[in-house]
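Trainee: I have not seen this structure before. Can we go through it by question and answer?

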Amino acid sequence: MLEAILISIATAATPLFLAAIGELVSERAGVLNLGVEGMMAMGAVTGFGIGLATGSPLIGALAAVIVGAVFSLLFAFLTLTLASNQVATGLALTLLGLGVSGQIGEAYVGQPGVRMGPVFLGLDPIFWFSLVLLVVVAWFLFHTKPGLKVRAVGDSHVSAHALGVPVIAIRYAAVAFGGACAGLAGAYLSLVYTPQWVEAMTAGRGWIALALVVFASWRPVRVLVGAWLFGAITIGQLQIQAMSLSTIAGFAAPLDSIVGALKSVPSQFLSSLPYLATVVVLVLISRNRRLALVNTPACLGQPFVPDR
Amino acid sequence: MIALDKRPNPSALYATLSPFIALALTLIAGVILFLAIGKSPAAALYAYFIEPLTEGWSLHELAVKATPLILIGAGLCIAFLSGNWNIGAEGQLVMGAIAGALVPVLMPEFRNILTLPLMLCLGMLGGALWASVPGLLKAKFGTSEILTSLMLVYVAQLFLDWLVRGPWRDPAGYNFPQTVRFSPEATMPAIDYASGRAHWGFGIAIIVALALWYMLARTRRGFSLRVTGQSPRAARFGGFSPGRTTMFAFLLSGALAGLAGIIEVSGAIGQLRPTISPGYGFTAIIVAFLGRLNPAGAILAGLVLALSYLGGEAAQITLGVSDKIARVFQGMILFFVLGCDTLINYRIRLKGASVSGTAAVTPAATVGPEQKRDIDAAAGAVPEAGRHA
Amino acid sequence: MLSVEGLTKRFGTLVANDAVDLVITPGEIHALLGENGAGKSTFVKMLFGSLRPDAGIIRWEGQPVSIHTPAEARALGIGMVFQHFSLFEALTAGENIALAFEGGGTGHGAIGQKAREVSETYGLPIDPDALVGELSVGERQRIEIVRCLMQDPKLIILDEPTSVLTPQEAEKLFETLERLKGEGRSVLYISHRLDEVRRLCDRATVLRHGKVVTHCTPSEETASSLAAMMVGEEVEGFSRTASSNHASARAVLRLNGLSLPAASPFAVPLKNVDLTVPAGMVIGIAGVAGNGQGELFEAVSGEVLQNDAGMVAIDGTDAGQMDIEGRRALGAAFVPEERLGHGAAPAMPLTDNLFLSRHGTDSGSFTGTLGNILKGKLKTVAAHISATMDVRKGAPDPHASALSGGNLQKFLVGRELDREPLLIVVNQPTWGVDAGAAARIRGALAEVARRGGAVLAISQDLDELFEIADAIAVMHHGRMSKPIPIEDATREKIGLLMGGADPDHTELDEVQI
């Protein structure tokens, strides 16, 4: 029972973690990409479609990684080369991603997809890969020279440029990494979490991932903690919803009244818990302004146009 | 490589042209798109963008769809211009619709001349209250309004879903998830019943957009909003409190989204259902940017985006393309608009040579002055606007 | 070692450098002199590979070179210490140093060790593990210099290095430079401080409007002959007139134990600041950058409110809880340090920027009954201000960002003085402003005091304060010294206070009010 719950929490947490760790790198380089939801949707439809076509969920996931990265380059071109507003352009990427994925996915509605099964301890390869990714990203950012350059570019693009650090090139790379991770996160949804295609199946997870980065105050390990917290909330509310259908009878008598009370809560209210939790978490984090100010990359969201 | 040169003053020419260039680029992209899916671009673009304008009833439909887009888009102009990223208008629309529907659903017997005005006021109140949450959190704690306002969209939609499936479901409605149909007194009157569905909400939207334009361009309140968005520190120096400006922007844009919501259900739908908007609140973001954040511009932009919805439906019928393609077009419009806006503040220069700062370390090469000048003459052939005395 | 011929750089129609020539020999300290905007920064950015020249030849040790990136400049042996430091506040000193080097180190290993060695050799103490955001300006400059020296450069470029130092810190810097010269390294020393240049530099190149005016030997020139070369015309010196009636003057601004916690992690808290600005006087506030001057300005202006209304009193009224509009209504006017983005909205025309600080004053005469803005009236007043302050502009109502720094500053000072305020508080009145505009602004401020108003001028430019102030107080770490009457003030005394000497243990005379 507990094992099953842990596995389902891990499965719910993984797409959030993947999308958030990619966005973290992008934001560490000073680029706020609000297009995570759109990139995830593109990844989800690509992973599903390619997985179905090739019969290999692995190839589907790889394709989603590539599509996510390429799609994010649209955003990068506008914000980095044309110095457009990052907030507005990120919204545009989300709207475009949801639109394009809906259009492409039209053919897949109702089709059963391929599923990436568990390989170890009941968990799938992408989950294990995500843990490796955490170690790699944390090591990269804080113990390598290129990682130092990423942080430098996010802290002061003017100083970085003066020292000859290639600001724009580093930001392109960081955005593409974010796109690749979001693509993989999307593919996880359509290949592991619920192996099917539903329009807008990302259901706001891209936005929650953005909130997770703030929650984690731009620290990789805390992103994992946050993702598990949200995974637990998601699974918790789903469990309660499911309980009304079955399995409750087996519980001990003293719990009956609580379970009964929970059962009477409308499912819509339970479904809104992850979203409300996001709001609450954001408020709690932002109340600690000092913490927020120290950790926020100083150039986050600011366009950079070098003199020549 | 593309390089940008900052203009000494923003170009008034491109400020006007940029939305049109963006629309032209969207059409070109549309041609490529239709070619790619094997449809005749000419027929497709005709079906998409021209056909809906040729018939009376579809002009009515255009007004119906443009109404919420203009109302919300004009409000979002105010929010975005003042630096408040309210992207939760879709949720505020839903809450406005719910609040306005309190009257016909809970007091179906309250039927007189005041019914509709009361509904509209409640709709604005509902939208404003829902928007006040991210506004207040931003003003008080500095919480990112982008994420909070967006999260509340999902909550509002789930709340509406619960209402129409639960307590507000029409008992005589064969278990369909919908409320009772609104009485005639609770319905936005049509402009001309004989020719189509367009209702007076369209008139309200136009008047609201023009009033907001005046406020923004000509009054002290409008000034405070503009200066806060451009230069928050200068605004504070001018004595305009950032918190108050944030609250004003959220309450106003929320109220207008709520108004759009109640007008939509009382004018176009006639009851509450689980889904009352095909994403008007999000499409209105595109309206605001296509209208260059000018509420008067939002009128035109709202009509263009309304056309994209109609075109999507028309294309589905005549071409057999999914109406989802409307979303693709809408996304492309916003992308191109944002890209073209760069022309307002920068000159774009194409450079052949490697660019300092992004080039890898290369051995110090020697370039003589003559050779150098040739490269630059070839690369920098962009006409100067000739200002800067 | 380095010779430059015909170096030219254009920005749009502006020629920032017009055929600049310059020669530096080994072991020479070469001054690059010029006013703000004369093209000094553009020139060194081209030498350092941050900007690409449009024409001209740079010869390094006799060979023509083309420097595309700072990395290439460093590889040649050119090092640079920036004016507005190119440091990263969120990174450690060691990481900041590592970023300037190719290769894998992140500043915790070998590079940190080498930094320690270099800093000890040259007497420039630094801590590689300290977060730069928490360091003082002087400490930050040491990091920049150490970073530069670790590359073993043959030519070191220093851009206005003493503008952020106390006179005593500057002395130490000069010692370091003499030592580098002794090692056979060359220094390109950019400054507009003529006394320093005359003392320190072997040769000088003077730039004006992007062109070389002359090459000269500074020790053979006088400060005024150098100034004349820089400015090109005799700048009308501002002549002090003795302030009239010290004794009887009433206090227009009074700070009573003004304290303010730091608003952000890297800000400076104000600690128990007491100060009186009487009518008819100019009180100057000296201090090294980042010692609470910005915080003081925001507290006095009302952009940040006080906990206790009595902490700030304007014309006898407790104003600590009033916002900036309330304080303006009491007769105060404010000119902040940053012109673009604080004193003015860059992308708004001058009329809008006039409205920015005047919409609530002048009995609301710029707005109609519906809150509508009276544009015609704004235009008239803006034109009047431009005429009075000699604001030169290319269009009738240009955006603030289209004006040069000096002209915009004249407009912003004129905007406030046009109201004939009782009190004007100015932060860095002539920072980055050409000499002509600076003289006009200083004259206008003195005029306020002459007609009985009070002036509080915060400035890092000691020469400026000695020119206009009747008394000078010094800020250090958020504390304020007692004001020293100008008759008793010396650069040494002020310099000691700027460096943090305890005002209670130095023998300073209080200003008698």
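Trainee: Is E420(C) buried or exposed?
Mentor: This is a predicted model, so the count is computed from predicted positions. E420(C) has 11 other C-beta atoms within 10 Å. A residue with 12 or fewer counts as exposed, so E420(C) is exposed.

Trainee: Where in chain C is the place of E420(C)?
Mentor: E420(C) has a phi near 50°, a positive value in a residue other than glycine. Most residues other than glycine have a negative phi. The place of E420(C) is in the loop between α13 (405-417) and β17 (423-427) of chain C.

Trainee: A200(A) also has a positive phi although it is not a glycine. How many other C-beta atoms lie within 10 Å of A200(A)?
Mentor: The phi of A200(A) is about 55°, and its place is in the loop between α8 (167-193) and α9 (205-215) of chain A. A200(A) is partly exposed, because its number of other C-beta atoms within 10 Å is 14.

Trainee: What percentage of the contacts in chain A with a separation of 6 or more comes from residues 24 or more positions apart?
Mentor: Burial gives some background: 55% of the 308 residues of chain A count as buried. Among contacts in chain A with a separation of 6 or more, the share from residues 24 or more positions apart is 81%.

Trainee: Which element gives the most to the side of chain B that touches chain A?
Mentor: In this pair, 45 residues of chain B are in contact with 48 residues of chain A. Elements of chain B that give two or more residues include β1 (2-6), α5 (115-141) and α13 (325-345). The side of chain B divides into 27 nonpolar, 13 polar and 5 charged residues. With 12 residues, the element that gives the most is α13(B).

Trainee: Which helix gives the largest share of the side of domain 1 of chain C that touches domain 2 of chain C?
Mentor: Chain C is divided into domain 1 (2-231) and domain 2 (251-505), and 32 Å separate their centres. In contact are 15 residues of domain 1 and 15 residues of domain 2. The largest share of the domain 1 side, 3 residues, comes from helix α6 (residues 167-182) of chain C.

Definitions and conventions:
Residues are numbered from 1 along each chain as its sequence is written. Chains are lettered from A and ligands numbered from 1 in the order in which they are written. This is a predicted model: local features need pLDDT of at least 70, side-chain atom pairs count only at pLDDT 80 or more; totals for chains, interfaces and linings use all residues. Two residues are in contact if their C-beta atoms, placed from the backbone, lie within 7 Å. Helices (H or I, at least four residues) and strands (E, at least two) are DSSP runs, numbered from the N terminus. Ala, Val, Leu, Ile, Met, Phe, Trp, Tyr, Cys and Pro count as nonpolar, Asp, Glu, Lys and Arg as charged, and the others, Gly among them, as polar. Domain bounds come from an automatic or database domain assignment. A residue is buried if 20 or more other C-beta atoms lie within 10 Å of its own, exposed if 12 or fewer, and partly exposed in between; C-beta atoms are placed from the backbone.
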